[in-house]
Amino acid sequence: MSPMRGGLAGVAMAALAVGAHGFAGGGYPGSSGLMLLMLAAAVIGALAAALRPPAALPILMVAGQPVCHLALSGLVQHGHAAGAMEFTAHGPMLLAHAVAAAGCAILILAAERLYGLISSAVRVILTRPGGHPARAAQARRPRSVPTPKTLLALGASGPRAPPVTA
């Protein structure tokens, strides 16, 4: 489950950080800002995959939004990071990032829970009543094909060879 949680956390963090940042009027990143954001999202995703308790995910997501904001703000404003430190002073930006973080955490935990429930239901449906999973039928050799031992007894050195006495 944790690789799924890490992947979802990284992708959702980047997507919602860009959306929240643009919605609050912060602009959208260029190619270098996007690469810095992807690096931050990959680190957040790796941390989310490594952390076990579910309560750690919302904390990580809330801590990841300012990191993503710094990645976006530092490069959006023509290389000047002056607007990057105004994260807490700008109310709509702070609110948009906080809502994005809470939404990410809730959706990821819900998806993880539903995945567990659905996969166990599918496992129950596909398991035989005896408790053992059904095995594929083993291929058997037909009895009409002569074995090398019977061919030698008939006087042939192989299945397509003439008799040995010839």
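Trainee: Before we start, what should I keep in mind about the model?

Mentor: The model is predicted, so local features need pLDDT of at least 70, side-chain atom pairs count only at pLDDT 80 or more, and totals for chains, interfaces and linings use all residues. Residues are numbered from 1 along each chain as its sequence is written, and side-chain values use heavy atoms, with hydrogens and water left out.

Trainee: What makes a stretch of this protein a helix, and how many helices are there?

Mentor: Helices are DSSP runs of H or I with at least four residues, strands are runs of E with at least two, and both are numbered from the N terminus. The protein has 5 helices and 0 strands, and along the sequence the pattern reads α-α-α-α-α.

Trainee: Why is G45 called buried?

Mentor: Buried means under 20% relative accessible area, exposed means over 50%, and partly exposed lies in between (1.4 Å probe, protein chains only). G45, in helix 2, has 7% relative accessibility, so G45 counts as buried. Likewise, G10 in helix 1 counts as buried at 9%.

Trainee: And why is A55 called exposed?

Mentor: A55 sits in the loop between helix 2 and helix 3 (56-76). Its relative accessibility is 54%, so A55 counts as exposed.

Trainee: What puts the buried residues of helix 2 on the same side?

Mentor: Those residues are G33, L37, A40, A41, I44, G45 and A48. They cover an arc of only 140° around the axis, and therefore lie on the same side of helix 2. The arc is that of the directions from the helix axis to the C-beta atoms. On the other side of helix 2, the exposed residues are S31, M35, L39 and A50.

Trainee: What makes the contact between E112 and R5 a salt bridge?

Mentor: A salt bridge needs a side-chain nitrogen of Lys or Arg within 4 Å of a carboxyl oxygen of Asp or Glu. The side chains of E112 and R5 meet at 2.9 Å, N to O, and form a salt bridge. This pair links distant parts of the chain, with E112 in helix 4 and R5 in helix 1 (residues 2-23), 107 residues apart. Both E112 and R5 are buried. The structure holds 1 salt bridge.

Trainee: How do you know that C68 and C104 are too far apart for a bond?

Mentor: A disulfide is a covalent bond between the sulfur atoms of two cysteines. Here the term is used for a pair of cysteine sulfur atoms within 2.5 Å. The closest cysteine sulfur to that of C68 is in C104, 8.9 Å away, so the gap is too far for a bond. A search of the whole structure finds 0 disulfides. As for burial, C68 counts as buried at 0% relative accessibility, and C104 counts as buried at 1%.

Trainee: What makes the group from L114 to L126 a nonpolar patch?

Mentor: Patches are made of residues with over 30% relative accessible area and no salt bridge; like charges are joined within 9 Å, and nonpolar side chains (Val, Leu, Ile, Met, Phe, Trp, Tyr) within 5 Å. Here L114, L117, I118, V122, I125 and L126 form the patch on the surface, with about 620 Å² of accessible area together. Accessible areas come from the Shrake-Rupley method with a 1.4 Å probe, and for residues only the protein chains shown count as cover.

Trainee: Why is I125 called exposed?

Mentor: I125 is found in helix 4 (residues 91-126), and I125 has a relative accessible area of 68%, so the word exposed applies.
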